Amino acid sequence: MSNTIIVGAQWGDEGKGKIVDYLTEGADVVVRAQGGNNAGHTVIQGGEKYVLHLIPSGILWPEKRCVIGNGVVIDPAALVAEFDTLAAQGVSITPDNLSISDRAHLTLPYHRMLDAHRESGRGGGKIGTTGRGIGPTYADKIERSGFRLADLDDPVGLAEKLAAKVEEANLILDAAGVEPLDLAEVGAEFNEATDRLAPYVRDTASYLHGQLKEGRSLLFEGAQGTYLDIDHGTYPFVTSSNTTAGGACTGSGVSPRHIDNVTAVAKAYTTRVGAGPFVTENAEFSDRMHGMGREFGATTGRKRRCGWFDAVLVGHACRLNGADGLAVTNVDGLDGIDTIRICTGYMLRGETLVAPPARCEDWEECDPIYEELPGWGDSPTAGAKDIGALPANARAYLDRLAELCETPITLVGVGPDRDETLVCG
Ligand code: IMP
């Protein structure tokens with residue numbers, strides 16, 4: 001039995017869904033512990049494409065159990081819509097295979113509206129949020145005025161609180177000239193969705209403690225990535241949760257003492273959506289990726305910004321997360337490139353940095369220090385069935401990434417399907 005945390009080592013979209021799906025085979029319970037439906041995990045199984053936002057990808061395995069932990073923020077209407085989409089694809093979701101924490105906070109329509117309103121107020125300094133109400137929901141949680149699923153047990157108190165929150169939000173929206181929310185409509189949408197969720201709600205921390213006691217193994221599916229972490233990311237161009245390994249523990253109620261392995265996931269290059277520093281961003285490289293039909297966001301459909309692999313970022317991410325191993329995905333995205341660059345250091349005002357600076361303004365000013373490696377020409381990695389079948393230059397590239405990040409590479413992705421994941425060593 002071993003318990004593993006999967007985290008993104010970049011800005012999200014590293015292909016964690018696929019790695020989680022791959023590792024799920026050896027796990028009994030798959031747990032989401034932070035973030036909300038800002039996440040979009042694409043999993044391709046047997047040629048069918050599934051896009052998951054709030055539900056752990058373990059749901060695609062009939063015999064596995066899934067948990068949405070206390071650290072997740074849940075938009076009830078979005079979760080119900082996800083139930084319906086997956087059900088239409090033949091996925092069975094019942095209270096036997098999905099549990100939702102009674103401590104999880106709820107995203108309500110006014111959170112979404114406040115998210116949009118605050119973004120528009122930021123003018124040129126927009127974060128580029130997903131517009132899903134994530135920041136305002138976590139703000140209410142930290143400010144101690146949020147709604148939790150446990151509040152459904154007190155319908156009268158809940159209705160009063162909802163009325164007060166809608167009134168408060170309407171004052172802000174009204175002042176901004178935005179159409180106010182209709183309390184009756186908000187209440188109806190909320191009740192309809194939460195009625196459907198109620199059978200799944202439980203004390204998931206105690207449930208997980210019971211699973212551990214019975215010797216079951218847990219797999220924590222991180223959402224977003226290390227540099228979207230509220231503490232360690234490119235603040236303020238971050239999301240509002242702790243996306244690093246510690247967030248898996250606080251967001252589930254499972255002690256760090258139970259964690260046996262942390263696997264960090266990184267693309268063989270770098271991408272990010274939304275605004276913020278990106279030292280290795282490269283327009284030509286971005287065009288190439290988009291031209292190949294790659295790197296469009298799973299949640300918003302936005303074009304992702306693309307650039308070379310940044311070993312300063314990923315090496316620091318491995319240390320922040322205590323990564324035992326690194327899974328490198330999308331290596332096939334580099335097929336056909338003549339010369340590949342890796343960023344090995346940042347140059348900031350004449351000083352070489354080996355870890356990112358705290359201030360975004362400084363981060364924006366950093367110049368990449370590159371080393372170049374030869375590509376693997378006409379011999380693609382796509383279609384390789386084992387690590388030994390990779391072209392020698394691709395293996396040399398991966399060895400160099402491991403060396404720079406001081407972390408062994410344990411898995412390599414060469415395509416979107418489950419069987420396009422190669423095991424190292
Ligand atoms: P929010 O999480 O919607 O508040 O957005 C904050 C920042 O995080 C924006 O730059 C988003 O594009 C980014 N973001 C949020 N979730 C994800 C994700 O799952 N993958 C990649 N970027 C994300």
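Mentor: Please note that this is a predicted model. Two packed helices are described by the angle between their axes and the distance between those axes. Here, the axes of helix α3 (residues 109–121) and helix α5 (residues 155–175) come within 10 Å and cross at roughly 20 degrees.

Trainee: How are α3 and α5 oriented, roughly parallel or roughly antiparallel?

Mentor: Angles under 35 degrees count as roughly parallel, and α3 and α5 are therefore roughly parallel to each other. The crossing of α3 past α5 is left-handed.

Trainee: Which residues in α3 and α5 meet?

Mentor: From α3, the residues Y110, M113, L114 and H117 meet L162, K165, V166, A169, I172 and L173 of α5. The residues of this contact comprise eight nonpolar, one polar and one charged.

Trainee: Let us turn to the strands. How many bridges join β14 to β16?

Mentor: In a regular strand, the side chains alternate between the two faces of the sheet. Strand β14 (residues 309–310) and strand β16 (residues 339–348) run parallel and are joined by two bridges; F309 has I342 in β16 as its bridge partner.

Trainee: In which sense does β16 run with β18, parallel or antiparallel?

Mentor: β16 and strand β18 (residues 367–374) run antiparallel, with eight bridges between them. Within this pair, Y370 in β18 is opposite C343.

Trainee: What do β16 and β17 form?

Mentor: They form a hairpin with two residues between the strands. Strand β17 (residues 351–353) pairs with β16 in the antiparallel sense over three bridges, and Y346 stands opposite L353. In the turn, R349 has a positive phi of about 45 degrees.

Notes: Residues are numbered from 1 along each chain as its sequence is written. This is a predicted model: local features need pLDDT of at least 70, side-chain atom pairs count only at pLDDT 80 or more; totals for chains, interfaces and linings use all residues. Side-chain values use heavy atoms; hydrogens and water are left out. Axes are lines fitted to C-alpha atoms, for helices over the stretch in contact, and angles run from 0 to 180 degrees between N-to-C directions. Helices (H or I, at least four residues) and strands (E, at least two) are DSSP runs, numbered from the N terminus. Angles under 35 degrees count as roughly parallel, over 145 as roughly antiparallel, 65 to 115 as roughly perpendicular and the rest as oblique. A crossing is left-handed if the near helix is turned anticlockwise from the far one by less than a right angle, and right-handed if clockwise. Contact means heavy atoms within 4.5 Å. Ala, Val, Leu, Ile, Met, Phe, Trp, Tyr, Cys and Pro count as nonpolar, Asp, Glu, Lys and Arg as charged, and the others, Gly among them, as polar. Two strands pair if DSSP finds at least two bridges between them.
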